[in-house]
Amino acid sequence: MNSPEQTGGTRGGRIRFRDLPNDSTAKILVVATLVCIVCAVLVSSAAVLLRPIQERNALLARQRYVLEVAGLPVGPDQSVEQAFQQVEPHLVELDSGEYLESGDAIGFDIARASREPDTSRALGPDEDLAKIHRRPDAMPVFLVRGDEGIETVVLPIHGYGLWSTMYGYVALDGRGERVKGITFYSHGETPGLGAEIENPGWQSQWPGKRTLDQDGSVLLNVSKGSPSPEQADYHIDAISGATLTSDGVDNMIQFWLGEQGFGPYLARLRSGGG
């Protein structure tokens with residue numbers, strides 16, 4: 001009687017996997033599937049393990065942007081977290097302009113809050129100047145106090161440009177009447193054109209500009225053309241060759257400094273209620 005080895009490596013009429021030719025379809029499919037499973041497990045595990053590190057790095061990056069736009073550089077012997085202790089974070093209910101007693105202003109995820117029906121509301125076409133579709137019910141603000149009260153208030157802003165939602169911060173004086181700085185920390189605008197919103201030269205136009213009139217209407221604007229001497233106090237030159245991005249920044253400013261955004265909160269600041 002022939003042994004299994006003599007019958008092509010079969011046992012009970014079955015061919016063992018290891019005895020299949022390397023170029024057989026079955027063997028190739030099994031090996032490929034196993035490799036995919038192993039790779040998927042490794043990638044998933046790495047993503048899970050690295051997520052806390054990524055989230056922490058993103059948080060530190062946002063804190064650094066807040067410090068920079070507020071004019072609070074990180075010292076050579078300081079960490080970002082140590083420098084950020086100069087900043088007083090709050091969550092503000094946008095409709096009322098009042099501070100909320102609970103919530104994490106530092107770790108607040110604007111994009112996530114905007115997606116959730118329980119923490120945001122849909123905007124109608126006439127309301128949605130910034131083209132964000134949904135507005136969070138609350139937003140963080142960051143205060144820097146001095147001997148005479150609030151010296152700087154940093155507001156997060158976002159809105160759609162040409163290709164992307166642009167996220168940034170605008171720093172105002174303690175009454176919200178003058179700009180102290182602006183910065184953007186996330187966008188997907190065209191390099192060399194719309195991405196010039198990151199250019200320090202373009203951002204240098206903003207400090208000192210007036211934001212609101214006496215009634216709280218938004219004066220600050222980004223537009224083309226030469227303003228009159230009176231308009232120059234609240235005019236920002238649009239970026240050359242990036243009309244839609246510039247319009248997006250203008251719409252963002254109109255929205256977030258207006259009644260749908262931080263308008264009620266800025267009214268409280270002007271009345272001394274900060």
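Student: Which residues does Gln63 touch, leaving out those up to four places away in sequence?

Tutor: A contact is counted when heavy atoms come within 4.5 Å. In this predicted model, Gln63 touches Val80, Glu81, Phe84 and Ile106 on that basis. Gln63 itself belongs to helix H1, which covers residues 25-69.

Student: Is Gln63 buried or exposed?

Tutor: Buried means under 20% relative accessible area, and exposed means over 50%. Gln63 has a relative accessible area of 8%, and therefore it is buried.

Student: How far apart are Gln63 and Gly149 in sequence and in space?

Tutor: The two separations should be read side by side. Gln63 and Gly149 are separated by 86 residues in sequence, and their C-alpha atoms lie 22 Å apart in space.

Student: What share of the contacts in the chain joins residues 24 or more positions apart?

Tutor: Among contacts with a separation of 6 or more, such pairs account for 54%.

Student: How does the radius of gyration of the chain stand against that of a compact globule of 274 residues?

Tutor: A compact globule of that length would have a value near 19 Å, whereas the chain has 28 Å. As for secondary structure, the chain contains six helices and twelve strands.

Student: Why does the span of helix H5 agree with its length?

Tutor: One compares an expected span with the distance between the end C-alpha atoms. H5 has 14 residues (243-256), which at 1.5 Å a residue should span 20 Å; its end C-alpha atoms are 20 Å apart, so the two agree. The buried residues of H5 include Val249, Met252, Ile253, Phe255 and Trp256, and also Asp250.

Student: How many residues of helix H6 are buried, and what covers them?

Tutor: H6 is mostly covered, with six of its eight residues buried. These are Gly263, Pro264, Tyr265, Leu266, Arg268 and Leu269. Their cover includes helix H5 and the strands S3 (88-93), S4 (98-99), S7 (138-146), S8 (149-160) and S9 (165-173).

Student: Why does Arg268 count as buried, and which residues is it in contact with?

Tutor: Arg268 is located in H6, residues 263-270. Its relative accessibility is 18%, and the cut-off for buried is under 20%, so Arg268 counts as buried. Beyond its neighbours within four places in sequence, Arg268 is in contact with Ser96, Gly97, Glu98, Tyr99, Gly273 and Gly274.

Student: Where does the chain show a positive phi?

Tutor: Lys131, which is not a glycine, has a positive phi of about 60°. Lys131 sits in the loop between strand S5 (120-122) and strand S6 (134-136). His133 lies in the loop between S5 and S6, and its phi is near 70°, a positive value in a residue other than glycine.

Student: Is His133 buried or exposed?

Tutor: His133 is exposed, because its relative accessible area is 58% and the cut-off for exposed is over 50%.

Terms used: Residues are numbered from 1 along each chain as its sequence is written. This is a predicted model: local features need pLDDT of at least 70, side-chain atom pairs count only at pLDDT 80 or more; totals for chains, interfaces and linings use all residues. Side-chain values use heavy atoms; hydrogens and water are left out. Helices (H or I, at least four residues) and strands (E, at least two) are DSSP runs, numbered from the N terminus. The radius of gyration is taken over C-alpha atoms; the globule rule is 2.2 Å times the number of residues to the power 0.38. The expected span of a helix is 1.5 Å times one less than its number of residues. Buried means under 20% relative accessible area, exposed over 50%, partly exposed in between (1.4 Å probe, protein chains only).
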